[in-house]
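Work through the exercises below with the sequence and the model at hand. Each task is followed by a solution in steps.

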Amino acid sequence: MNEVRAGSAGPARLALLALTSSVLVPLVYAGLRSVFWALVGVAGLALAAVGVWWTLAHTGLVRMAGVGLCVAAPVTVLALYAAHDMLWPALLSLALWILAVALARVAVTPARFSADGEPAEASHHPWILMNPRSGGGKVGRFQLVEKARAAGARVAILDAGGQDPAERARQAVADGADLLAVAGGDGTQALVAEVAARSDLPFVVIPAGTRNHFALDLGLDRDDPAAALKALTDGVELRVDLGFAADRVFVNNASFGTYAAVVGEPAYRDRKWHTTLRKLPGLLTDPGAPRLRLRAGEVRAEGLQALLVSNNPYLRAADSARPGRREKLDSGLLGMLCVRVDNTAQAAGTVRGSRSTGFLRFTAAEAVVEADTDMVPVGIDGEHVLLPVPVVCRSAPGALRIRVPRDRPGARPNRPGADWRCVTRLALRRPPPGDRFAP
């Protein structure tokens, strides 16, 4: 989306007022004692983080103690606040802080946006691959086959025989398809999207999978997959990036380390939590457990237990009402989230979020993942694969032509994080009309 006018001074001033009030409320009510109670709250969060670590990284009595600590720490903090009449100031302060962050994001959001995407001509020979098992049977439940054929599309059903979606898509291109689409999960979407990108054909996402993260970030209605078919006749076209892990395309992310190892377990599909709790202790605390290394420009990271490489960076939970989402799909950058937590002290330090020594977060156009083994497990858009080391991850900017309906209920203006320097600048002096605002 293209920015037309800068952010607003009004919300910026209200954001600063709410932020200041979130600090003043406990200070006015309890004076300097409020600092002590703030430290008590932080200590409770740190103990809860330790409980999570014990639960995930250990077994037996230590795991049971971890579960107890996860519950007891926050309950004890709330009980102490209530006993000393600090509960309502703490809750009010937290509410004001949340309001301040929300107003700050409104303030730095440009006031008007131009239309998203270029109008697209109707497709003459669209081809759609449908997986009837995805999303608990969404293809049948929403009558997608019948509706797609009524819209003039050729429909191919992916049966249970282990057919290769990419090969079927390549055959469709050879047969004259001028548009490719998938009604299925993100893993299948990625395979066919690569064929569409290599053939320079538009691609349509029909959110018929279980989670449909790619569709969510495109603004599509996941509760009505059939609405995506409007892109065939009344759509706009966007250019978005693709991510590559070696020669494998991903539209969402490639996960290395603990998650990928757990997903690769045969029992994971049927018993997710049981398999995860059984495997994690060995992966996290065993001295011989595999560790990862990362190189990206001047950044070096070693001894990593987990690494998430995303096609465009995800939002920070603390700055966004939509954590786990990507504001942009066309930045030309990969998002990197590295995790290394070796002991209880580091687990307690994770309450500092991205400032913790256990986390490293940054963006890069390319990165190299290394390990001490010849092959490394990777979860590519939820699909388990083994790739030879080293694995080069890179962004392919604007590689995919995406066709979406003109009207998308999930499409909304991008809202940057709460950049308080920019908010303060806006609050003190309204930028001249027409100025672009770059937080």
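This is a predicted model: local features need pLDDT of at least 70, side-chain atom pairs count only at pLDDT 80 or more; totals for chains, interfaces and linings use all residues.

**Exercise 1. Arg 403 and its surroundings**

Task: Decide whether Arg 403 is buried or exposed, and find the backbone oxygen that lies 3.1 Å from a polar atom of its side chain.

Solution. 
- Step 1. Arg 403 lies in strand 17.
- Step 2. The relative accessible area of Arg 403 is 7%, so this residue is buried, the limit being under 20%.
- Step 3. The backbone oxygen belongs to Glu 121.
- Step 4. Beyond its neighbours within four places in sequence, Arg 403 has contacts that include Ala 120, Ser 123, Leu 179, Pro 202, Val 204, Ala 231 and Gly 235. Phe 203, Val 236 and Glu 237 are also in contact with Arg 403.

**Exercise 2. Salt bridges**

Task: Find the salt bridges that Glu 237 forms with Arg 401 and with Arg 403, and say which parts of the chain each pair ties together.

Solution. 
- Step 1. In the salt bridge between Glu 237 and Arg 401, the closest N and O atoms are 2.7 Å apart. Glu 237 is in strand 6 and Arg 401 in strand 17, so the pair ties together parts that are 164 residues apart in sequence.
- Step 2. Glu 237 is buried at a relative accessible area of 19%, and Arg 401 is buried at 18%.
- Step 3. The side chains of Arg 403 and Glu 237 meet in a salt bridge with an N to O distance of 3.4 Å. This pair, too, has one residue in strand 17 and one in strand 6, so it ties together parts that are 166 residues apart in sequence.
- Step 4. A network of salt bridges links Asp 200, Glu 237, Arg 239, Arg 401 and Arg 403. The count of salt bridges in the model comes to 15.

Task: Describe the salt bridge between Arg 154 and Asp 175.

Solution. 
- Step 1. The N to O distance is 3.9 Å, against a cut-off of within 4 Å.
- Step 2. Arg 154 is in strand 3 (residues 154-157) and Asp 175 in the loop between helix 7 and strand 4, so the pair ties together parts that are 21 residues apart in sequence.
- Step 3. Arg 154 is exposed, at 53%, whereas Asp 175 is partly exposed, at 47%.

**Exercise 3. A nonpolar surface patch**

Task: Identify the residues of the nonpolar surface patch of about 690 Å², and name the helix that gives the most to it.

Solution. 
- Step 1. Val 23, Leu 24, Leu 27, Val 28, Leu 32, Val 35 and Leu 39 make the patch.
- Step 2. Helix 1 (9-30) and helix 2 (33-57) each supply at least two of its residues. Helix 1 gives the most, with four.
- Step 3. Val 23, in helix 1, is partly exposed, with a relative accessible area of 47%.

**Exercise 4. Backbone details**

Task: Locate the cis peptide bond between Val 389 and Pro 390, and examine phi of Gln 143 and Asp 381.

Solution. 
- Step 1. Omega of the cis bond is about 0°. Pro 390 lies in the loop between strand 16 (383-388) and strand 17.
- Step 2. Gln 143 has a positive phi, near 55°, and is not a glycine. Gln 143 is in the loop between helix 5 (138-141) and helix 6 (144-150).
- Step 3. Asp 381 has a positive phi of about 50° and lies in the loop between strand 15 (375-380) and strand 16.
- Step 4. Gln 143 is partly exposed, at 46%, whereas Asp 381 counts as buried, at 10%.

Notes. Residues are numbered from 1 along each chain as its sequence is written. Side-chain values use heavy atoms; hydrogens and water are left out. Patches are made of residues with over 30% relative accessible area and no salt bridge: like charges are joined within 9 Å, nonpolar side chains (Val, Leu, Ile, Met, Phe, Trp, Tyr) within 5 Å. Accessible areas come from the Shrake-Rupley method with a 1.4 Å probe; for residues, only the protein chains shown count as cover. Buried means under 20% relative accessible area, exposed over 50%, partly exposed in between (1.4 Å probe, protein chains only). A polar contact is a pair of N or O atoms within 3.5 Å; within protein, one must be able to donate a hydrogen and the other to accept it, and residues adjacent in sequence count only if both atoms are side-chain atoms. Contact means heavy atoms within 4.5 Å.
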